[in-house]
Amino acid sequence: MASSPPPASSPPISLKGITSTNDDPDACAFCSDPFSLGVDRKTGGATNICCGKRICLDCDDSRRTVIGTGRAQRCSFCDIPIIFGGKEQVGILKKNAKKGAAWGQFLLGRRFSKGNSVSQSDYEAKRWFEKAAKQGHPDAMYRLAFFFLEGHGGCSIDLSKAREYAEMAMSLDSHILSGHCHNLLFEIARRENDRSSAKAGLVSAALQGVELAPRNILVCCKDLLDMPEAHFWLNIVLRSEEKKDDAV
């Protein structure tokens, strides 16, 4: 007697009239709003290791309300059970990474970098970051820039390589990474004893709203013994701190 076919999986959940096919790692896969850097409801949530989709906290709450607590334990896109065990997650990530998913390669590299449910290995982290970076993953490029800056993962310290990867990551216009890349380029320029270039890059970052840029410009001005401009940026830093205090 022939066995009955397996039941078809449910279609992806649609919120706000949207069933997203968004693959942007910096935006919610449901509402497509960009993730924020602050602690609010648009802060980036966890990445689904089955498909690489990420949703913001607002949409995750809506999803749970719409589908109930039972289906909330299943991926809204793949409709497969969400895996919580660390080793099981690593197994799924390895399958996706070996299939060529850049997001899986990056997340697997990050696991090795942190020693999260795997033996910590900067060498393995670098190997997977390189695979993801070749496919244009900006976070992987940023991690490689840091590896070449500090000499991790078997990398010799190579400031030109670090600069190359940081600039590539920043060129992809990842608003989440922009501030990190500016600060990394600042540190590279300082180590190259090129404080004028570091300052010029940071002024550009400050105009884009990168939070730490004014404080780092202040450091550069002091290094360059430019006290009038140092005083100007000190006032900006102090005003920023006052706004934070008022917000609290």
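**Close-ups of side-chain contacts**

A search of the whole structure turns up 7 salt bridges (a side-chain nitrogen of Lys or Arg within 4 Å of a carboxyl oxygen of Asp or Glu). This is a predicted model, where local features need pLDDT of at least 70, side-chain atom pairs count only at pLDDT 80 or more, and totals for chains, interfaces and linings use all residues. Residues are numbered from 1 along each chain as its sequence is written, and side-chain values use heavy atoms, leaving out hydrogens and water.

**View 1. Glu150 meets Arg191 in a salt bridge, 2.9 Å from N to O.** This pair links distant parts of the chain, with Glu150 in helix 5 and Arg191 in helix 7 (residues 175-191), 41 residues apart. Helices here are DSSP runs (H or I, at least four residues), numbered from the N terminus.

**View 2. Phe129 and Phe147 make an edge-to-face aromatic pair, 5.9 Å centre to centre with 70° between the planes.** Rings of Phe, Tyr and Trp (its six-membered ring) pair if their centres lie within 6.5 Å; planes under 30 degrees apart are stacked, over 60 edge-to-face, and the rest tilted. Phe129 lies in helix 4 (residues 122-134) and Phe147 in helix 5 (residues 138-150), so the pair ties together parts 18 residues apart in sequence. Together with Phe106, Phe129 and Phe147 form one aromatic cluster.

How values were computed
Helices (H or I, at least four residues) and strands (E, at least two) are DSSP runs, numbered from the N terminus.
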